[in-house]
Amino acid sequence: MNDDLVKFNNLAIKIRAHALCMTHKANASHIGTSLSIADILAVLYESILHVDPKRPTWPDRDRFILSKGHGCAALYAVLAERGFFAKEWLETYCQDGSHLAGHITSHGVPGAEVSTGSLGHGLPIGCGMALAGKHDSQPHRVFVLLSDGECDEGSTWEAVLFAPHHHLDNLTAIIDYNKIQSFGTVKEVLDLEPLAGKWRVFGWAVQEIDGHDYTQIENALKGIPFELGKPSCIIAHTTKGKGVSFMENQLAWHYKSPNDEQLRQALAELGVPE
Amino acid sequence: MRTTFIHTLIDCARANERIWLLVGDLGYSVVEPFREEFPDRFINVGVAEQNMTGIATGLALSGKIVFTYSIANFPTLRCLEQIRNDVCYHRANVKIVAVGGGFAYSAQGMTHHATEDLAIMRALPNMTVVAPGDPVETALATRAIIEWPGPCYMRLGKAQEPVVHKTSPDFQIGKAIVVRDGSDVTLIATGGILFNTVQAADELAQQGIQARVLSMHTLKPLDTEAVLAAAQQTKAIITVEEHSLIGGLGSAVAEVLAELSNSHTTFRRIGIKDEFCQQVGSQEYLRGIYGLSVDSIADAIKSLVGRGIAP
């Protein structure tokens, strides 16, 4: 592995370990969805996003919106690792008096751009930020990370229609396509295929990648906009629960929280001492 | 009111380049002058109110003052969760404007009657709720909400509403306007039904009943002082609203009165009972069905005569 890949891998392991410990301690849900985005977040925060932990509201920062707000444990983890706030905060996740709620909240959490939790809200907000950026000739870019399940939402498709019409090539949608939504597989519940084709015919420049391959993630994110004048869509094929063998591709881990033994085993698989 | 609104907005947008206007594919013959003068700050987002509200939030979080505009329930109920989570939770500087408050789109039917909007918008934390009573108040309210930080909802009538205020009143968000004074009863109105309320007060005056009329153009934050003064200085309070009796002006005033320890004020609410209006007709026709015509309002006050309320 080259140095960058080692860095991505190290950060991703930390994100996964934090998310597992946070979910375990809080007896919280959604560990599977945090694990599926860990590698994407590692690359974003290690080498793509122009953000500054010392100036979280710096006007020229890139905007990152976690539209799938239930994946927040992973985002809190990467924000803490990047120094936006103290790592000790992670131990308070979902606890009484904590800053860190079980869906991403920007209130009192430096580095978290907007609060989400109900699906289908992030891409419209991202369109607004991208419009403002274009209008004001600002250099920053807007990234929105969506779940596959939230591609069921009509509001997502309203924004999918809107962004190409307004040539928002400073906007990138990343879809965490782990193929399992809240109450079944995507295929069973409401099949999205052909997903890339749908975004393409709506006017987006689309790339499909392996969402756990750091080189592919980085190459895609460094290649935006894929086409001038078009918003970019990265369909990241991922595995729900990625990195913990007994959680991978299991719907149950959308809801379950690891017990003590499961946490030990999961951390051992990641090679992280408890 | 809608024409007054857009001309005022244009005037403000000339001086303040942070002002944007988003519409949900409505506004024909109204918003075109804004589009022509500020094409880069006007967007017709299409028939997509959820997206409109999310976009408005994104723009507002980028420093803009963003108006969203559509008719009846489209800019409010259709995208209620975007208003709650995106606009209100983030205290985004978004001003939601609905044209067609109450029965303004009368014969267009139930879908176009905005009759629960005030209650629902009022329930949202961080939301300021304004319903100007005439075109004069509309211009003043438009300017006021631009200066007022954070989320606002402004309910307008439609077109050709009569002018109530002969001169420009002192308009402050959260402060009721005393349209006429009186010592017997107080009529509190919000929105375009103010005109009928003032007419009813004139009718009552001819019969020796002196009614104070308050334009409660801001439903939230409510001017509790004006309500308390009315409770102390007059013998009855009657609220008048072109809106459901649940959760609107009458409820807001009742909440204030109910918490008074020693209030003996007689209190009545005039508004739309808890049902969908299934009648077809003009705005005045529908108002009449729900006791909101001039005569009905006056009659409701007269019915209090003889109970020690009025002479």
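## Where the chains meet

In this predicted model, chain B contributes 20 residues to the contact between the chains, and chain A contributes 17 residues. On the side of chain B that touches chain A, helix H3 (49-60) and helix H4 (80-88) of chain B each supply at least two residues. The most comes from H3(B), which gives eight residues to that side.

Sorted by class, the side of chain B that touches chain A holds nine polar, seven nonpolar and four charged residues.

## Chain A as a whole

Chain A contains seven strands and nine helices. Its C-alpha trace spans about 50 × 45 × 40 Å along the principal axes. A compact globule of 274 residues would have a radius of gyration near 19 Å, and the 17 Å of chain A agrees with this.

Of the 274 residues in chain A, 53% are buried.

## Helices H2 and H3 of chain A

Two packed helices are described by the angle between their axes and the distance between the axes. For helix H2 (residues 31-48) and helix H3 (residues 72-81) of chain A, the angle is about 30° and the axes are 9 Å apart. Angles under 35 degrees count as roughly parallel, so H2(A) and H3(A) are roughly parallel to each other. Their crossing is right-handed.

On the H2(A) side, the contact is made by A:Ser34, A:Ile37, A:Ala38, A:Leu41, A:Ala42 and A:Tyr45. H3(A) brings A:Ala73, A:Ala74, A:Leu75 and A:Val78. By class, the contact of H2(A) with H3(A) has nine nonpolar residues, one polar residue and no charged residues.

## Helices H1 and H9 of chain A

A second pair consists of helix H1 (residues 3-26) and helix H9 (residues 260-270) of chain A, whose axes come within 10 Å and cross at roughly 175°. Angles over 145 degrees count as roughly antiparallel, and H1(A) and H9(A) are therefore roughly antiparallel to each other.

From H1(A), the residues in the contact are A:Ile13, A:Arg16, A:Ala17, A:Leu20, A:Cys21 and A:His24. From H9(A), they are A:Leu263, A:Ala266, A:Leu267 and A:Leu270. The contact of H1(A) with H9(A) divides into eight nonpolar residues, one polar and one charged.

Technical notes: Residues are numbered from 1 along each chain as its sequence is written. Chains are lettered from A and ligands numbered from 1 in the order in which they are written. This is a predicted model: local features need pLDDT of at least 70, side-chain atom pairs count only at pLDDT 80 or more; totals for chains, interfaces and linings use all residues. Helices (H or I, at least four residues) and strands (E, at least two) are DSSP runs, numbered from the N terminus. The radius of gyration is taken over C-alpha atoms; the globule rule is 2.2 Å times the number of residues to the power 0.38. A residue is buried if 20 or more other C-beta atoms lie within 10 Å of its own, exposed if 12 or fewer, and partly exposed in between; C-beta atoms are placed from the backbone. Axes are lines fitted to C-alpha atoms, for helices over the stretch in contact, and angles run from 0 to 180 degrees between N-to-C directions. Angles under 35 degrees count as roughly parallel, over 145 as roughly antiparallel, 65 to 115 as roughly perpendicular and the rest as oblique. A crossing is left-handed if the near helix is turned anticlockwise from the far one by less than a right angle, and right-handed if clockwise. Two residues are in contact if their C-beta atoms, placed from the backbone, lie within 7 Å. Ala, Val, Leu, Ile, Met, Phe, Trp, Tyr, Cys and Pro count as nonpolar, Asp, Glu, Lys and Arg as charged, and the others, Gly among them, as polar.
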